[in-house]
Amino acid sequence: MEKIYWNKEIETMEHEDMKKLQSERLVKQVRHVWDNVPYYRRLMEEKGVTPDDIKGIEDLHKLPFLSKADLREGYPYGLLAVPLSECVRIQSTSGTTGKRVVAFYTQHDIDLWEDCCARAITAAGGTNEDVCQVCYGYGLFTGGPGLNGGSHKVGCLTLPMSSGNTERQIQFMMDLKSTILCCTPSYAAYIGETLHEMGYTPDDIHLKAGIFGAEPWTEEMRQEIERLLGIKAYDIYGLTETSGPGVAFECEAQTGMHINEDNFIAEIIDPDTGEVLPEGSKGELVFTSITKEAFPLLRYRTRDICVLTREKCSCGRTLVKMTKPMGRSDDMLIIKGVNVFPSQIETVLLKDFNATPNYQIVVDRAGNVDTFEIKVEISDEMFDDTIKSVEQLEKKLSADIVQILGIRAKISLVEPKSIPRSEGKAVRVIDRRKLV
Ligand code: ADP
Ligand code: ZN
């Protein structure tokens with residue numbers, strides 16, 4: 001079967017040609033930023049760099065980094081590179097790390113962003129024959145508007161549902177024969193769970209694929225969602241600072257996300273030293289936007305930890321792939337001095353449980369000692385099981401957590417439905433420690 005791409009020329013371009021394209025665009029972009037963003041120009045001057053020093057991507061490392069702190073300092077217009085009269089949209093971060101950031105778009109920027117989302121939908125098998133149900137939140141959050149725009153470009157019949165009202169989502173999904181679902185993975189799991197509770201099976205719906213992102217999720221969670229909904233579940237990655245979802249997207253291989261390198265140059269750095277690491281190393285992902293007009297961030301530190309790989313992909317795309325983010329360098333919990341990423345815990349839970357992934361990590365401090373509790377919801381069937389089998393499960397989880405993390409957690413198996421469900425990004429961690 002012939003493979004389908006949204007933009008074949010770009011998605012299958014020889015790496016050398018892509019490097020050339022990136023270099024040309026970078027040189028122009030650096031000039032644009034230097035001329036129009038005094039904030040970044042000052043950072044460049046402090047580092048003793050001028051646009052003349054940037055002749056191609058080999059010079060990228062000379063440029064200063066930007067971080068969320070810069071965006072907060074420059075809030076709201078400090079990093080804007082065009083007159084406001086040329087902007088047509090503002091979006092804002094969901095505030096995972098508690099601080100909001102606003103991003104600006106010209107019509108050209110919106111077009112590029114939607115184009116990236118169209119590539120993701122096409123890679124998931126979407127065509128103009130599909131009915132695409134978008135239940136990411138609409139509004140300031142980039143999820144809804146991004147996938148909505150991509151879906152229009154592909155020509156899918158688009159259902160702009162936004163999140164919430166799960167039974168109605170399922171009703172529409174059946175009545176209007178949705179074939180593609182776009183939402184956060186935690187909401188997809190919740191929709192799947194609700195579908196089964198309503199007495200249906202995947203045979204009662206028409207979904208074939210889902211495009212899930214905006215929060216970390218594991219391979220085990222992918223399998224769970226695929227089983228619950230009877231679909232192929234694809235990952236999509238992005239952040240408001242770089243436009244939104246669609247910076248990277250998964251293909252049929254389901255082994256990491258292709259980065260849209262014609263728009264974003266990706267680097268991996270050591271988060272402590274800022275040193276650029278060779279491809280294949282694990283480190284912090286840094287993006288340089290080379291096509292955006294209004295909000296062109298250069299060397300933006302995402303805080304997301306991952307690995308880049310350029311191995312040949314079975315889908316035929318030549319775009320570099322990023323692994324699923326393994327957590328954020330600022331999301332990492334330090335419990336009893338040990339670095340803990342919520343995704344490590346999720347992997348253990350889903351392996352031992354082989355069931356609904358509803359859990360919460362609660363960290364607190366008693367005296368000077370951290371307390372670490374993992375609340376895991378058991379299923380209705382398990383609820384009816386003997387106390388002995390529940391105790392055995394608790395023991396097994398406890399042992400597996402010690403093995404992975406090297407520290408002990410209190411495992412609390414809680415009643416079905418007692419952990420709040422999420423319609424957007426799930427709240428997996430409650431950190432009650434007041435560390436001054
Ligand atoms: P905030 O930083 O406030 O959450 P965004 O709503 O723009 O801002 O979210 C961007 C962040 O969401 C990314 O930096 C990343 O940590 C996370 N994210 C987005 N997509 C994925 C994904 N597919 N897998 C894991 N994490 C993701
Ligand atoms: Zn691929």
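A cavity, as the word is used here, is a set of grid points where a 1.4 Å probe fits but cannot get out. Rolling a probe the size of a water molecule over the atoms shows where empty space is left. This is a predicted model, and by that rule it holds 3 cavities of 30 Å³ or more.

## Cavities

| Cavity | Volume | Lining makeup |
|---|---|---|
| Largest | about 60 Å³ | 4 nonpolar, 4 polar and 2 charged residues |

## The 11-stranded sheet

Now for the strands. An open sheet of 11 strands runs in the order β4-β3-β5-β6-β7-β8-β9-β13-β12-β11-β10, and its pairing is mixed. At the edges stand β4 (157–160) and β10 (264–269); each has a single partner strand, so one side of each is left without a neighbour in the sheet.

Start at the β4 end. Strand β3, residues 131–134, is joined to β4 by 4 bridges, and the two run parallel. Within that pairing, Cys132 has Thr158 of β4 as its bridge partner. Helix α8 (residues 185–197) packs on this sheet, touching β5 (180–183) and β6 (209–213), and its direction makes about 125° with that of β5.

Further along, strand β7 (residues 232–239) runs antiparallel to β8, with 4 bridges joining the two. Ile236 has Phe249 in β8 as its bridge partner. The β7 and β8 hairpin has 4 residues between the strands, and there Ser243 takes a positive phi near 125°.

How covered is β8 (residues 244–250)? Mostly: 7 of its 7 residues are buried. On to β9 (residues 257–259), which β8 meets in an antiparallel arrangement through 3 bridges. Here Glu250 has Met257 in β9 as its bridge partner. The hairpin of β8 and β9 has 6 residues between the strands, and Gln254 in it takes a positive phi near 50°.

At the other end sits β10. Being an edge strand leaves one side of β10 without a neighbour in the sheet, but 6 of its 6 residues are buried, so β10 is largely enclosed by the rest of the structure. In a regular strand the side chains alternate between the two faces of the sheet. In β10, Phe264, Ala266 and Ile268 point one way while Ile265, Glu267 and Ile269 point the other, and all are buried. Glu267 is worth a look if you care about charges, given that "buried" here means under 20% relative accessible area.

The partner of β10 is β11 (residues 282–289), joined to it by 6 bridges and running antiparallel. Across that pair, Ala266 stands opposite Phe287.

## The four-stranded sheet

A separate entry in the strand list is an open sheet of 4 strands, ordered β18-β17-β16-β19, again with mixed pairing. Its edges are β18 (410–414) and β19 (429–431), each with a single partner strand, so one side of each is left without a neighbour in the sheet. From one strand to the next the twist averages 20°.

Strand β16 (residues 359–366) runs parallel to β19, with 3 bridges between the two; Val363 has Asp431 in β19 as its bridge partner. Helix α10 (residues 342–353) packs on this sheet, touching β16, β17 (369–377), β18 and β19, and its direction makes about 40° with that of β17. Helix α12 (residues 387–405) packs on the sheet as well, touching β17 and β18, at about 140° to the direction of β18.

## A look at Ser178

Where is Ser178 found? In the loop between α7 (166–175) and β5. Is Ser178 buried or exposed? With a relative accessible area of 0%, Ser178 is buried. Leaving out residues up to four places away in sequence, Ser178 touches Val131, Gln133, Leu159, Phe172, Met173, His206 and Leu207. As for Leu207, its C-alpha atom is separated from that of Ser178 by 5.8 Å, although the two residues are 29 apart along the chain.

Technical notes
Residues are numbered from 1 along each chain as its sequence is written. Chains are lettered from A and ligands numbered from 1 in the order in which they are written. This is a predicted model: local features need pLDDT of at least 70, side-chain atom pairs count only at pLDDT 80 or more; totals for chains, interfaces and linings use all residues. Side-chain values use heavy atoms; hydrogens and water are left out. Two strands pair if DSSP finds at least two bridges between them. Contact means heavy atoms within 4.5 Å. Axes are lines fitted to C-alpha atoms, for helices over the stretch in contact, and angles run from 0 to 180 degrees between N-to-C directions. On a 1 Å grid over the protein atoms alone, a cavity is a set of points where a 1.4 Å probe fits but cannot get out, and a pocket is an open set with protein on both sides within 12 Å along at least five of seven lines; lining residues have an atom within 4 Å of a point. Grid points are joined across faces, edges and corners, and a volume is the space filled by probe spheres set on the points. Ala, Val, Leu, Ile, Met, Phe, Trp, Tyr, Cys and Pro count as nonpolar, Asp, Glu, Lys and Arg as charged, and the others, Gly among them, as polar. Buried means under 20% relative accessible area, exposed over 50%, partly exposed in between (1.4 Å probe, protein chains only).
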